[in-house]
Amino acid sequence: MTDLLELDGVSRRFGGLLAVDNVSFRLKGEGITALVGPNGAGKTTCFNLIAGALPPTQGSIRFGGEIISGFPAEDICRLGIGRTFQVVRPMRDMTVLENVMIGAFSWTRKVSEARDAAREALDMVGLGPKAEAGISRLTLPDRKMLETAKALSTRPRLLLLDEVMAGLRPPEAAAVVAVLRRLAERGLSILLVEHVMRIVMEAAEHVIVLHHGAKIAEGTPRYIVSHPEVVAGYLGEAFRA
Ligand SMILES: Nc1ncnc2c1ncn2[C@@H]1O[C@H](COP(=O)(O)OP(=O)(O)OP(=O)(O)O)[C@@H](O)[C@H]1O
């Protein structure tokens with residue numbers, strides 16, 4: 001079967017800095033994969049390359065077997081890759097529902113369709129009861145789920161989540177993990193950037209480790225933590241925090 005996502009020798013240079021260095025990996029059609037590594041390892045840049053915010057300097061990215069590297073971000077979104085951003089920036093003068101409708105306008109011009117899709121996305125992340133609320137009434141976990149709902153309303157087959165659990169307390173993070181597991185069970189493939197190994201162990205079936213832009217290890221969470229040289233030598237405290 002064709003892999004959903006395939007990176008083949010992907011690099012991205014910023015001047016003299018090789019932020020992503022010859023990275024190759026594949027994602028299947030469903031399940032949760034974690035992309036981990038210390039600050040500056042190239043995780044967000046990898047997301048930007050997959051989502052089309054940046055073109056790779058070298059290498060190819062395929063989605064559903066078709067080359068997408070170099071495509072504009074809107075086209076990649078329309079093909080089925082949704083993403084969240086590390087910095088949460090909702091439109092403050094719009095309701096929760098209206099914020100999520102923005103994502104749906106990537107595939108429809110009909111307000112009624114966008115509204116239905118936004119409601120569905122909000123229900124999936126447990127924010128349905130707050131659909132009509134203003135943004136200022138949302139807690140931090142709510143805001144994280146709002147970003148996830150915005151990405152879901154674009155109707156992705158692959159969802160890229162950049163640190164959606166950062167800053168959350170353990171029970172709040174556990175609730176987010178439960179939401180993500182439900183989404184994966186519905187057939188979504190999720191690639192998430194996450195720093196806390198405890199969350200990675202709970203959430204992901206597969207882990208990809210980046211260090212200085214390069215992939216240094218890949219496997220089940222159990223495999224990754226059972227290799228102390230990976231955890232201690234490359235990831236250090238940032239990974240264990
Ligand atoms: N637009 C850019 N221009 C120049 N350098 C950049 C740019 N974006 C990222 N970098 C650099 O590329 C490297 C990788 O950054 P990136 O944000 O991808 O790492 P990260 O693993 O997501 O880190 P963090 O965990 O801190 O978010 C860093 O050294 C960063 O300073």
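Author: Buried residues make up 42% of the 241 residues in this chain. Here buried means that 20 or more other C-beta atoms lie within 10 Å of a residue's own, exposed means 12 or fewer, and partly exposed is in between, with C-beta atoms placed from the backbone. Keep in mind that this is a predicted model, where local features need pLDDT of at least 70, side-chain atom pairs count only at pLDDT 80 or more, and totals for chains, interfaces and linings use all residues. Residues are numbered from 1 along each chain as its sequence is written.

Now the overall layout. You'll find 9 helices and 10 strands in the chain; these are DSSP runs numbered from the N terminus, helices being H or I with at least four residues and strands E with at least two. The radius of gyration, taken over C-alpha atoms, is 17 Å. That is close to the 18 Å that the globule rule (2.2 Å times the number of residues to the power 0.38) gives for 241 residues, so the chain is as compact as a globular protein of that length. Its C-alpha trace spans about 50 × 40 × 35 Å along the principal axes.

Nonpolar covers Ala, Val, Leu, Ile, Met, Phe, Trp, Tyr, Cys and Pro, charged covers Asp, Glu, Lys and Arg, and the others, Gly among them, count as polar.

β1 (residues 5-14) and β2 run antiparallel and are joined by 7 bridges; strands count as paired if DSSP finds at least two bridges between them. L5 has L27 as its bridge partner in β2. The two strands make a hairpin with 2 residues between them, and G15 in the turn has a positive phi of about 60 degrees.

N22, also in β2, has a positive phi of about 55 degrees although it is not a glycine. Most residues other than glycine have a negative phi. With 15 C-beta neighbours inside 10 Å, N22 counts as partly exposed.

An automatic or database domain assignment divides the chain into domain 1 (1-78 + 157-241) and domain 2 (81-155). Their C-alpha centres lie 23 Å apart, and the contact between them takes 23 residues from domain 1 and 19 residues from domain 2. Two residues are in contact if their C-beta atoms, placed from the backbone, lie within 7 Å. On the domain 1 side, α1, α2 (73-79), β7 (158-162) and α6 (170-185) each supply at least two residues. That side divides into 16 nonpolar, 2 polar and 5 charged residues.
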